[in-house]
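Please walk through this structure with me.

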Amino acid sequence: MKRKPRVCVVGSINMDMVTTTDKMPKQGETILGKSFTTHPGGKGANQAIAAARLGADVVMVGAIGDDAFGNSLKARFRNEGANDEAIITVPHESTGVATIILSDGDNRIIVAPGANKYVTPEMVKEKQDSILSSDIVLMQFEVPMETIEYTVELAHKHGIPVVINPAPFNEIPENVVDKVTFITPNESELLAMEQSIDTSSIKLKIIETRGDQGVAFTLAEGKEKTIPSFKAKVKDTTGAGDTFNGAFVTEYVKEKDVEKAIRFANAAASLAVEKIGAQEGMPKREDVVKRMR
């Protein structure tokens with residue numbers, strides 16, 4: 001493929017607000033924190049930025065609020081070379097935020113979806129040209145499930161492959177399972193899947209990420225294979241899964257080879273964990289190629 005892979009990400013856009021403190025406050029207690037930082041986030045946005053840095057032409061279908069966070073996040077897509085024309089601004093609604101309290105390796109997280117609730121089937125229908133002009137569609141579960149179902153049906157109807165990253169986990173409707181190309185759960189998400197559906201019938205679609213234990217998938221002849229992870233000096237695993245997914249869809253479109261795409265995505269994820277922050281740590285394509293050598 002001489003032109004860049006065209007990747008459409010339908011998903012969430014958040015701002016992560018992180019406060020570090022020496023101890024967690026008790027109910028009704030006010031304490032002094034040590035630091036406060038904001039980081040661009042949302043699984044959809046993370047995966048879109050990862051794909052853009054790794055050489056894809058990316059279009060993001062999502063929603064932000066009419067506020068400073070939304071303006072900042074939308075500008076970030078442009079700065080990363082991703083297409084932001086399918087991101088809507090919702091009046092009188094906040095941009096999605098995750099409020100994170102960190103203390104001594106422990107965390108407390110509250111996610112307020114905000115404008116992400118407005119990534120609806122109707123909104124996707126309005127932006128369907130972004131989907132229909134893409135080589136592949138990537139989604140997660142931080143937008144309404146009816147939107148996932150509608151988008152999968154639309155892409156399937158037009159022969160466009162779809163990858164679902166089932167995080168945070170939610171029960172996957174049967175019509176979604178039947179029509180997606182790949183599902184990329186981690187170990188806990190796969191366990192939850194197995195409690196709600198018969199995964200033996202869809203094992204060729206499942207690509208299971210196992211952290212430093214590599215990635216498992218099933219070959220066409222039915223044999224399971226594990227692609228090992230790359231050695232890394234781990235500083236922060238935040239966004240590693242999102243980097244993997246953005247890298248996988250980019251390379252799968254380019255190579256049409258699952259094994260090659262997984263190996264490339266493993267290398268990308270190994271670089272991501274060596275830096276602090278989700279999007280901040282996502283690598284460029286030349287860095288991934290260098291690590292694979």
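Lys225 is partly exposed, at 29% relative accessibility. The term covers the range between buried (under 20% relative accessible area) and exposed (over 50%), computed with a 1.4 Å probe on protein chains only. The partner of Lys225 is Glu259: the two form a salt bridge, with the closest N and O atoms 2.6 Å apart. The pair links distant parts of the chain, with Glu259 in helix α9 (residues 258–272) and Lys225 in strand β13, 34 residues apart. A salt bridge here means a side-chain nitrogen of Lys or Arg within 4 Å of a carboxyl oxygen of Asp or Glu. Helices (H or I, at least four residues) and strands (E, at least two) are DSSP runs, numbered from the N terminus. Glu259 is partly exposed too, with a relative accessible area of 30%.

This is a predicted model, in which local features need pLDDT of at least 70 and side-chain atom pairs count only at pLDDT 80 or more, while totals for chains, interfaces and linings use all residues. Residues are numbered from 1 along each chain as its sequence is written, and side-chain values use heavy atoms, with hydrogens and water left out.

Strand β13 (residues 224–227) also holds Glu224. Which residue forms a salt bridge with Glu224? Arg210 does, and the closest N and O atoms are 3.6 Å apart. Arg210 lies in the loop between β11 (207–209) and β12 (215–218), so the pair ties together parts that are 14 residues apart in sequence. Arg210 has 23% relative accessibility and counts as partly exposed. Glu224 is partly exposed as well, at 49%.

Go back to helix α9, residues 258–272. Lys260 forms a salt bridge with Glu255, the closest N and O atoms being 3.9 Å apart. Lys260 is partly exposed, with a relative accessible area of 47%. For Glu255, also partly exposed, the value is 30%.

Elsewhere, Arg53, Arg76 and Glu80 are linked in a network of salt bridges. A search of the whole structure finds 17 salt bridges.

Now turn to strand β2 (residues 14–20). This strand is mostly covered, with 5 of its 7 residues buried. Two strands pair if DSSP finds at least two bridges between them. β2 and strand β3 (residues 35–41) run antiparallel, joined by 7 bridges. With strand β6 (residues 96–103), β2 pairs in the parallel sense, over 7 bridges. Follow Met15 across both pairings. Met15 stands opposite Pro40 in β3. In β6, Val97 is opposite Met15.
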